[in-house]
Structure formats: structure tokens, C-alpha cells
Amino acid sequence: MATAFLAAVIGLAACDSRNIRELEEGVSTEADVRARFGPPENIWDGPDQGRVFEYNRQPAGQKNYMITIGADGKMSALRQVLTPENFARVKPGLMMEDLRKLLGKPAKVTPYALKRETEWEWRWVQPPNSPMVFTATLNDDQRVVRSGSSPDRGTEAP
């Protein structure tokens with residue numbers, strides 16, 4: 001079973017790499033993006049009347065992509081958002097919706113009713129090849145109260 005899971009993760013990563021190479025910022029269209037990545041998990045309002053497409057690779061993968069489509073219908077950015085730089089932007093007080101727009105859909109959501117908190121977790125890879133989990137804890141007001149990364153004990157990096 002672990003071998004099948006690992007094969008699926010490697011296959012997804014290889015497919016994403018090929019799809020990314022086939023897209024070019026400022027040239028590829030929304031139709032090109034959808035042809036390679038399929039329908040987005042979510043669509044957010046983007047800069048300058050553009051839109052941001054969320055492509056979630058959780059829980060099996062260790063990446064989440066945000067692809068910006070400009071008002072002209074062309075791809076202006078393609079970012080893998082599960083990075084130490086983005087995790088550093090997760091500060092106490094950050095709203096749940098802003099957290100979702102920053103990192104994409106989490107791999108796991110765990111409510112703790114007695115503590116009146118909810119943990120969101122994302123699986124990611126710290127270079128060069130260390131599997132990690134980033135956790136953000138939200139309070140009843142849907143605001144981040146704390147966050148941090150730890151080794152991912154549930155899987156090996158591909």
C-alpha cells in the first residue's frame with residue numbers, strides 16, 4: 001500500500017512538472033492552463049481584475065499551486081505556494097480566508113472543540129528533500145493564533 005501511495009505521488013509530481021514546462025507566463029491562456037491542470041479547486045479575485053486559480057495537491061502531494069490569469073486572459077504567474085517564505089507570512093491575527101488564499105486548501109483540518117481551536121495542516125518538502133508539515137491553529141474568530149513546521153512522520157519524500 002505504501003508503494004502504491006509513493007507511486008501516485010511521484011506520478012503526480014512528474015505530471016505537474018511536465019504541465020508547468022508547457023506553460024509560459026504572458027503567453028499561455030486560461031484555456032491552456034485548464035487543459036493542463038483541469039478545473040481549479042477554487043478561483044480567487046486576483047490583482048488588476050485578474051483571477052487566481054488554486055490547484056491543490058494535498059493530501060497526497062506536497063505542493064499547492066496558485067496560477068494567476070490576468071484581465072487579458074493570459075497566465076501572468078504560476079507559483080508553488082507551500083514555501084518557507086509564505087509560511088513566514090502566517091502571523092497571529094491572519095484571517096482564515098487570507099490563510100486559504102495564501103497556502104491553498106489544507107491536507108487536514110482537525111477541530112479541538114474543548115480548546116475552541118482548529119488546526120490546519122499542509123504537507124510540504126523543505127529543500128533539499130525533507131518531508132514537513134506546516135500547521136496553523138485558528139481560534140473561534142477564524143484567526144490564526146499560532147503556526148509552525150515539524151517533520152512529517154507520516155510519509156517519505158519522493
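View 1. Among contacts (heavy atoms within 4.5 Å) in the protein chain that join residues at least 6 apart in sequence, 39% link residues at least 24 apart. The model is predicted, so that local features need pLDDT of at least 70 and side-chain atom pairs count only at pLDDT 80 or more, whereas totals for chains, interfaces and linings use all residues. Residues are numbered from 1 along each chain as its sequence is written, and side-chain values use heavy atoms, with hydrogens and water left out. Of the 158 residues in the protein chain, 39% are buried, a term for under 20% relative accessible area, with over 50% called exposed and values in between partly exposed (1.4 Å probe, protein chains only).

**View 2. The open sheet of strands E5 to E8.** The protein chain holds four helices and eight strands, taken as DSSP runs of at least four residues (H or I) for helices and at least two (E) for strands, numbered from the N terminus. Four of the strands make an open antiparallel sheet in the order E5-E6-E7-E8, where pairing requires at least two DSSP bridges between two strands. Strand E5 (108-112) and strand E8 (144-151) are the edge strands, each pairing on one side only. From one strand to the next, the twist averages 20 degrees.

**View 3. Strands E7 and E8 with helix H4.** Seven bridges connect strand E7 (residues 130-139) with E8 in the antiparallel sense, and Ala136 has Ser147 in E8 as its bridge partner. Helix H4 (residues 96-103) packs on the sheet and touches strand E6 (117-126), E7 and E8, its direction making about 15 degrees with that of E6; axes are lines fitted to C-alpha atoms, for helices over the stretch in contact, and angles run from 0 to 180 degrees between N-to-C directions.

**View 4. The aromatic pair of Phe37 and Tyr65.** The structure holds six aromatic pairs, counted when ring centres of Phe, Tyr and Trp (its six-membered ring) lie within 6.5 Å, with planes under 30 degrees apart called stacked, over 60 edge-to-face and the rest tilted. Phe37 and Tyr65 form an edge-to-face pair, 5.9 Å centre to centre with 65 degrees between the planes. Phe37 lies in helix H2 (residues 30-37) and Tyr65 in strand E3 (residues 64-69), 28 residues apart, and the pair thus links distant parts of the chain. Phe37 is buried at a relative accessible area of 9%, and Tyr65 is buried at 4% relative accessibility.

**View 5. A cluster of rings.** Ring pairs link Phe87, Trp120, Trp122, Trp124 and Phe134 into a cluster.
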